Amino acid sequence: MRLRLESRPEPSRAMLLASPVIATSLTLAAGFVLFLALGQRPGAALHTFFVTPVSTWNGVAELLLKAAPLVLIAQGLTIGFRANVWNIGAEGQLILGAIAASALAIRFDGTTSAWLLPAMVAAGILGGMAWAAVPAFLRARFHANEILVTLMLTYVAGLLLSYLVHGPMRDPQGLNFPQSILFGESALFVNLLAGTRLNASVLFALAVTLGAWIFVTRTFAGYQMLVGGLAPLAARYAGFSETRAVWSALLIGGAAAGLAGVGEVAGPLGQLLPTVSPGYGFAAIIVAFVGRLHPFGIVAAGLLMSLLYLGGEAAQIALQVPYAVTSLFQGLLLFCLLGSDIFVFYRVRRAHRRSPIGGRP
Amino acid sequence: MTEPSMQPPAVPRLALRGITKVYPSVVANDAIDLDVGPGEIHALLGENGAGKSTLVKIIYGVVRADAGEIRWDGRPVSIDSPGAARRVGIGMVFQHFSLFETLTVAENISLAVPGALRELSTRIAELSQRYGLPVDPRRPVHTLSVGERQRVEIVRCLLQEPKLLILDEPTSVLPPLAVDRLFGTLRQLAAEGCSILYISHKLDEIQSLCHAATVLRAGRVTGTVDPRRESAQSLARMMIGKDLPAAAHPEPAVDRQERLVVSGLSLPADDPFGTRLTDITLSVHSGEIVGIAGVSGNGQKELMTVLSGERLVEPPEAVRLCGVPAGRLGPRLRRARGLAFVPEERLGRGAVPPVTLAENALLTAAHLDMVRSGFVRVAQTRAFAARCIQEFDVKASGPDAAARSLSGGNLQRYLVGREILQQPKVLLVSQPTWGLDVGAAAFIRQRLVDMRNAGTAILVVSEELEELFEICDRIAVMFGGRLTPAVSVKATSVAEIGAWMTGLFPAERADATAGGRR
């Protein structure tokens, strides 16, 4: 008996719901074997991975803090991905957002004005958009590949940040550490949960999720961008402007990433650091796809990704397993998730034959 | 010559018994029996979706049957790849050519036929001489016309000395003269003992060429007949299960205005294998259908993208829409001024494949109050889609069916319906009935004629001359990026238009230049 994949006439709704469950079961089973092979008690190890991180309020707060920038960036990127605009430089746009917001916080250090924080938010959004405007212009004007341009600009952004925290924006009293001054109270988001680092910046993720959902499901502009991504010839036929779609996709993605940058420097960090992002801009690409490019799916995917980060850290500390094992386990889960999604569009059939036709000699 | 009307010999060259193929959503072939004798030209006749392509792919080893038997000269054979089919002695000319544009004829053929290039060139020249298939082995394929490319495909098959040659709708790309020439070649081949399986839905061709016909409908054989003893009506009945209506075509209204005018339009090709347009002049009036005949690839596609606004031109006056210079207006602005367009590519251009019919309504009909302050009014799109499905008899589960879940014919009904329901002043239609079964084609032609009677100016691009003669008031021919003046169908003939299609343009017909005068 041989098995083969056969495309379904229609995507399966049942599989659409079942696929995450199957993926989770497979991951748990594989994780069981993995930890067994490492000489750990699998039950305890899985508990450490998935339950320990969220067993305290502080843990929940950290989960949300890490999920928020991932969700925020992924929402912005998804709007582009659906339109076939591949912005993979959200990391750089985040950095520029963080730099722009920090510049204001440093320049107006000591002020008590309530306008500082809103101004920082606006500056961060504009910074991210400005960084994304470069690939938008180059693609719209010269057909330059936005994948390459956005990626390369990420490295430029990283170097720019490094220069600034080593030079012009360095804390003069900071013993030459490459970091800015600690921001004042008026440059920070209010705390939402006493005793944790949870702050108001996570609300942006919620608001943007809602906005993204309305944009993709309800607006004509969202529809036009979707058509441009799914069927460029149909978009041309209908008269939807490709240039406009490219600009919108990149600017929205840049704005969301820039906002995430503000959330970091005016949130848990409270200053500009050379490591302002632990790779949120890249991880958000995975979040976008695990969330099936759907606004609500992205929220779930962002929380899962965040849990994997925290669980990985907890496992390294509590179980003394190497970093590679936690990465392996994270990869396992993502692989199972994306792999199970195949069955939404395909089904497995037994390759059977009863006739002489086609029988291999 | 093998006398084909003789009883088929005891042992057919190819015999199919009980061939069955089931796809996830459809039974493509249901217990098909078929016999092709040596030297017989056998037609496989059926509408689109009747199962012809699947059956042929099974014979040629591209697809495997789920059940049934293939016998070759009386012995059961297993054909599990096109290579195996060629070893048995089966050659096939596909509807879509598989030639590399940048290679020469001989180089293309050498990819399939072993032998040194020089020796192969000699053989190509000999063979093409013998069967009246003139091709120059040294010419690059991109310089060849469609008819010449088809000859290359046929020569490539013949070099492998097949005992059975399969041709899939070979005349769909040929002008009438080339069709006659092809038929001559096929008769000669049959006379030499080669069997031919000829797939088509054109009844007249089958009647003039074939010795026997197997008719398929919905995956089953509905009859095996001698087409020369059948009428077109009786064949059509076997094919679609009912009689064919012809589009009623009354005289056009008298007071007519120029709605779409193209004057002196020239445009360079926008890709290396595109066609440049040279000095195109054309006018379409309210209440008339103007047809553009010609073999595909002579600039029809380029002209339509200019008329639809997908490609903009200078000066703006080169294209006038309802009296307004429109050369610089994009598709949406032209639609706002009363233009509608059904493109030849349905999936991916006329419709977005994975989204629903309601969402596809939004593609061109958004201006019908489907968008308010930037937000889509879902109820309106669904209502429009539902109306279109009902009025145009689209077989779909409803407004939420994905466009790609529809068959080609049903999607075409939906697209034509979507454009007609916008009540355009000017309607452009490319290949209105391409790949449609005869029933659906008749329906769409009738709707176009109804639109014309209601006063719409309609421009139709089609390769089917009979279709154009049935519905058009005037016909022009496109060849090599040029357009002949449009002549009244009553003042011309299929033979004359057919000659123009091969580039034998009229020496300035005096009566043709005067636009819409009849």
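This is a predicted model: local features need pLDDT of at least 70, side-chain atom pairs count only at pLDDT 80 or more; totals for chains, interfaces and linings use all residues.
Let me start on one helix.

An α-helix has 3.6 residues a turn, so residues three or four places apart point the same way.

α6(B) has 16 residues. From its first C-alpha to its last it reaches 23 Å. That is close to the 22 Å expected at 1.5 Å a residue. After the helix comes G193(B), and its phi is positive, near 105°.

Now step back to the whole of chain B. The chain has 16 helices and 23 strands. Its C-alpha trace spans about 70 × 50 × 40 Å along the principal axes. How does its radius of gyration sit against that of a compact globule? For 518 residues, a compact globule would be near 24 Å. Chain B has 24 Å, so the two agree. Buried residues make up 47% of the chain. Look at contacts between residues at least 6 apart in sequence. Of those in chain B, 67% join residues at least 24 apart.

Next, the domains of chain B. Domain 1 is 14-89 + 162-240. Domain 2 is 245-338 + 424-518. Domain 3 is 345-423. The centres of domain 1 and domain 2 of chain B, over C-alpha atoms, are separated by 35 Å.

How many residues are in contact between domain 1 and domain 2 of chain B? Twelve residues of domain 1 are in contact with 13 residues of domain 2. On the domain 1 side, α6 (176-191) and α8 (232-240) of chain B each supply at least two residues. Take R346(B). It lies in the loop between β16 (339-342) and α11 (357-365) of chain B. Is R346(B) buried or exposed? R346(B) is buried, because 23 other C-beta atoms lie within 10 Å. The cut-off for buried is 20 or more. What does R346(B) touch, leaving aside neighbours within four places in sequence? Its contacts are A351(B), G408(B), L411(B), Q412(B) and L415(B). For a sense of distance, take Q150(B), 196 residues from R346(B) along the chain. The C-alpha atoms of those two residues are separated by 25 Å.

Now G74(B). It lies in the loop between β4 and β5 (75-77) of chain B. G74(B) counts as exposed, because it has 10 C-beta neighbours inside 10 Å. The cut-off for exposed is 12 or fewer. G74(B) and P162(B) are 88 residues apart in sequence. In space they are 17 Å apart, C-alpha to C-alpha.

On to the interface between the chains. 35 residues of chain B are in contact with 25 residues of chain A. Which elements of chain B each supply at least two residues to that side? They are β4 (67-72), α10 (331-336), α11 and β18 (375-376). β4(B) gives the largest share, four residues. By class, the chain B side has 18 nonpolar, ten polar and seven charged residues.

Last, chain A. Its domain assignment gives domain 1 (1-40 + 321-361) and domain 2 (67-316). The C-alpha centres of these two domains of chain A lie 33 Å apart. Eight residues of domain 1 of chain A are in contact with seven residues of domain 2 of chain A. The domain 1 side there has six nonpolar residues, two polar and no charged.

Notes
Residues are numbered from 1 along each chain as its sequence is written. Chains are lettered from A and ligands numbered from 1 in the order in which they are written. Two residues are in contact if their C-beta atoms, placed from the backbone, lie within 7 Å. The radius of gyration is taken over C-alpha atoms; the globule rule is 2.2 Å times the number of residues to the power 0.38. Domain bounds come from an automatic or database domain assignment. The expected span of a helix is 1.5 Å times one less than its number of residues. Ala, Val, Leu, Ile, Met, Phe, Trp, Tyr, Cys and Pro count as nonpolar, Asp, Glu, Lys and Arg as charged, and the others, Gly among them, as polar.
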